[in-house]
Amino acid sequence: MQAFDCAIVGAGPAGMSAAIELANAGARVAVLDRGQKPGGQIYRSVSESPLPDANVLGPDYTAGAELLTAFSRADITHFAGADAWHLGDDGRILFSHLGETCELHCREMLVCPGAMERPMPIPGWTLPGVMTAGAAQVMLKSDAMVSDGAVFAGSGPLLYLIVAQYLRLGVPVAALVDTTPRQNYLNAALMLPRALRRTELLKKGLTLLAEIKRSGIPVYRFAEGLKVLGEENATGLQFTTKGQTHEIAADTVFLHQGVQPNLNMTRAMDLEHRWNLKQLCWQVVTDPFGQTSVPHVSAAGDGAGIFGADGALITGRLAALNILHRLGRLTLAERDRQAAPDLAQITAMAPFRAFIDRLYRPTDALRLPQELSTLVCRCEEQTLADLRAGFDRGARDPNALKSLTRCGMGPCQGRQCGHMVAGLLSEWRDERPETIGYYRLRSPQRLLTLKELSRYQAASAPAQTEAAQ
Amino acid sequence: MFRSLRPKTAPEITLSINGHDIIATAGQSVWSAMALNGQTVTRRAALSGEDRSAYCTMGVCFECMVEIDGVPNQQACMRQVSDGMKVSTQNITESSEATNAGL
Amino acid sequence: MKADVLVIGGGIQGCATAYHLARRGTSVILLEKDYTGRHASGVNAGGVRLLGRDVAEVPLSKASMEMWQTLDEELDADTGFRRNSVINIAVDEGDMATLRAREGKMQAAGYTHERIIDRAELLDRLPHVNPDCVGGATSDLDGYAIPYKATSAFRLAAERHGAQVVDGEELITLRRVGQSWLVQGARQRYEANSVVNCAGAWADRVAMMIGDNVPLSHAAPMLMITARMPHFARPVVGAVSRQLSFKQFENGTVLIGGGAKGFADRSNNRTRLDYAKLANAARITAEFFPIMARASINRMWAGLEAYMPDNLPVIGAAENADRAFHAFGFSAHGFQMGPVTGQIMADLVLGEQNRFDLTPFRINRYDRKVL
């Protein structure tokens with residue numbers, strides 16, 4: 001069994017910046033990531049884009065190449081294509097890599113599971129042809145794949161970015177259906193003065209919107225009552241705005257309403273979590289350096305709280321500094337001295353983040369299913385009506401509801417329905433989400449073939465290995 | 001309709017999707033090979049048997065589970081194509097029966 | 001709150017006890033520190049098995065099995081019970097000899113529900129079994145149920161008959177004062193004439209408050225479940241001499257047990273898994289059923305279980321206090337006995353005639369002699 005000072009799970013901006021920092025300070029670092037190349041979702045394929053000209057993706061994307069270069073130059077053991085299926089709070093990680101089932105041990109662990117898109121449970125959201133805006137991005141970045149004449153619906157910077165990227169590439173877009181409610185603009189306006197200290201970020205956003213407007217594609221604002229049309233496949237999107245109902249034909253509908261931490265790793269480790277009132281999602285509790293309720297486990301990047309790629313770079317570095325201190329390689333004073341500029345930067349970024357969070361806060365009508373026949377659990381096909389029936393039969397806890405209805409028991413392990421179920425129970429019980437809690441999650445992190453598990457042999461007794469260190 | 005903007009420079013490989021031989025590019029995801037060839041149904045829903053297709057393409061929704069070389073529950077968005085690979089739509093529902101044992 | 005009877009613990013024993021008391025018109029309060037079915041009763045393997053029981057348990061288990069056959073109608077709920085039989089597989093003649101010895105012992109005791117099957121019948125009923133297997137034993141009344149659904153069915157039926165179930169209420173103290181049992185819970189106080197201890201892995205603590213010491217230990221048997229597979233095994237499967245145990249549910253998922261234990265962390269209400277042992281269970285499963293090599297494991301977990309040194313439960317009146325009763329320590333095979341245990345406990349509490357010999361289950365069977 002290989003042993004490391006620190007193992008990092010996830011090679012997005014947070015994991016990469018932490019790994020670079022740790023390796024440059026002389027720590028033995030392992031990075032495990034499912035991708036064949038580092039970069040995470042944001043910098044996917046940045047080192048070898050399949051697009052004729054990756055510049056259409058914008059400077060925020062191409063800037064990732066520098067980080068990848070620094071990562072490749074540092075002395076890091078990178079397990080590319082490694083699927084970490086068990087993270088133990090005893091420092092043990094079990095993972096599948098190149099057809100083998102492997103085990104490593106680390107003194108410190110840093111989990112950087114990244115974000116996932118908030119599900120948008122509108123009627124018809126499980127029809128083939130309905131995808132997320134993030135999916136449009138992933139397909140573009142990794143496979144140079146686009147869908148002609150798609151509808152983009154929802155709210156948030158990522159949605160506008162992918163529309164702009166499509167337009168730059170000359171890909172026809174049927175419409176942008178913006179669900180940001182009027183009230184959000186009013187509420188966010190109050191936060192504008194503080195956010196304006198970061199004019200460049202605001203400008204970036206406004207430029208995107210102007211780019212879309214200039215293109216002349218239909219843009220509908222303040223849309224409500226969204227519904228995907230179609231029986232066997234998506235054939236279009238129906239919605240209402242300004243008292244009028246519209247139907248737009250399209251065989252691909254891309255939905256988006258912001259991102260939330262991908263919780264399964266931090267939840268399966270039984271780390272303490274809290275409900276983020278502003279972002280309406282659960283996140284792992286950490287100190288400013290990413291240290292969790294289990295001291296030798298840290299978390300950074302969007303998986304520890306949504307802060308965007310720039311924030312992830314910083315939180316990754318901060319976690320690394322604290323880990324170096326915990327490893328005895330940095331004094332506390334030295335950690336704090338080196339961390340000062342990053343901590344200041346985080347503080348400076350916060351007002352703009354708060355502004356974005358407020359402006360694009362999802363509405364309950366889109367965050368929670370509204371029609372009784374809408375599927376909440378895509379895997380086990382449990383509708384809103386099924387869940388309500390389970391609740392009425394006494395299942396008032398997410399886990400009890402799961403046991404009774406199978407909602408959350410399928411292959412996605414609750415990733416899609418977890419927040420919805422917490423939100424519904426919170427509404428039905430008229431209690432705060434903190435009181436409701438979340439699914440009890442466990443390893444494996446994803447479907448594990450019986451063969452993969454069978455291959456695992458605890459070759460060296462972990463207790464001895466730990467003692468030997 | 002999906003289409004690819006990839007310049008035709010990368011090496012090509014052959015795989016089979018639902019019995020059709022398909023030319024794909026090395027490094028491409030199984031999902032993109034399927035979608036670019038009009039094979040967008042990845043699996044059938046477990047209870048209703050309704051068609052499902054890729055939703056997130058980043059490994060968190062498990063809608064794109066297909067059978068690859070006889071092994072079910074493979075995420076088409078996370079797997080890369082390889083020469084000679086056999087991909088098929090996953091058809092396991094609650095009423096599926098195993099074919100009789102190969103005793 | 002006041003009631004005739006206070007039941008501690010919302011597992012299947014506690015919920016069934018509350019149900020049987022309430023339907024006979026007794027006022028009952030059930031206290032559960034988490035939610036009903038949260039621990040072993042909600043997360044066990046769901047085996048409803050008469051096959052291979054300790055002879056001392058057979059009368060109770062047989063009566064319970066009769067009750068399972070009509071439990072859905074009785075409780076007006078779906079417990080998920082399916083009478084699909086259980087088969088214990090013999091891999092060689094040594095196993096067959098073990099089975100024949102067991103058969104002799106059972107027949108001597110007058111029991112005929114277990115039956116030895118030959119290789120042909122084994123292959124006929126489990127066409128996907130490794131053909132090297134030579135036979136097995138079966139019990140045809142047996143099957144499985146869905147643990148959480150069954151436990152919650154008892155709870156709902158108890159509530160329909162007027163029982164009060166209090167979830168999220170932890171027992172802080174339990175005292176006999178005069179003719180009453182007084183309970184201080186984390187949230188409220190309770191008073192009752194009788195108390196029934198069905199606290200599962202926590203039952204030794206409750207027993208101590210009642211005044212009885214008991215050598216209860218706890219462990220965390222591990223389970224894993226697959227994503228749906230095409231249907232290939234209708235009976236519940238076990239093996240005579242190997243750690244093989246699985247069942248394929250109607251929805252196609254396959255639950256693999258085998259008795260391997262994880263680590264029980266009772267004070268923190270949690271368990272940890274031993275992946276090397278799970279890997280071993282995976283290997284054994286694929287060895288017996290090659291089709292399982294294509295399976296994908298979706299979830300793994302372990303429940304907190306209470307064990308007595310002889311793997312037999314404690315069922316009966318308290319030794320050192322009046323109006324107190326115990327039903328716990330089922331040692332990982334109590335789920336099937338839930339229905340009959342509820343009935344027995346109601347009989348004991350109400351002072352009615354009980355038809356079973358409970359001496360093997362008395363709480364003081366481990367009391368040391370004074371030296």
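Author: Welcome! Helices (H or I, at least four residues) and strands (E, at least two) are DSSP runs, numbered from the N terminus. Keep in mind that this is a predicted model.

Reader: How many helices and strands are there in chain C?

Author: Let's start with confidence: chain C averages a pLDDT of 95, and 99% of its residues score at least 70. Counting the runs in chain C gives 10 helices and 22 strands.

Reader: Why is chain C as compact as a globular protein of that length?

Author: The globule rule works from the length of the chain, here 371 residues. Chain C has a radius of gyration close to what the rule gives, so it is as compact as a globular protein of that length: 21 Å.

Reader: What share of the residues in chain C is buried?

Author: A residue is buried if 20 or more other C-beta atoms lie within 10 Å of its own. Among the 371 residues of chain C, the buried ones make up 55%.

Reader: Now the contact of chains A and B: how many residues does it take from chain B?

Author: Chain A gives 38 residues to this contact. On the side of chain B that touches chain A, the residues divide into 20 nonpolar, 10 polar and 5 charged. Chain B's part in the contact is 35 residues.

Key. Residues numbered from 1 in each chain as written. Chains lettered and ligands numbered in written order. Predicted model: local features only at pLDDT ≥ 70, side-chain atom pairs only at ≥ 80, totals over all residues. Contact = placed C-beta atoms within 7 Å. Nonpolar A, V, L, I, M, F, W, Y, C, P; charged D, E, K, R; others polar. pLDDT = per-residue confidence, 0-100. Rg over C-alpha atoms; globule rule 2.2 N^0.38 Å. Buried ≥ 20, exposed ≤ 12 C-beta atoms within 10 Å, placed from the backbone.
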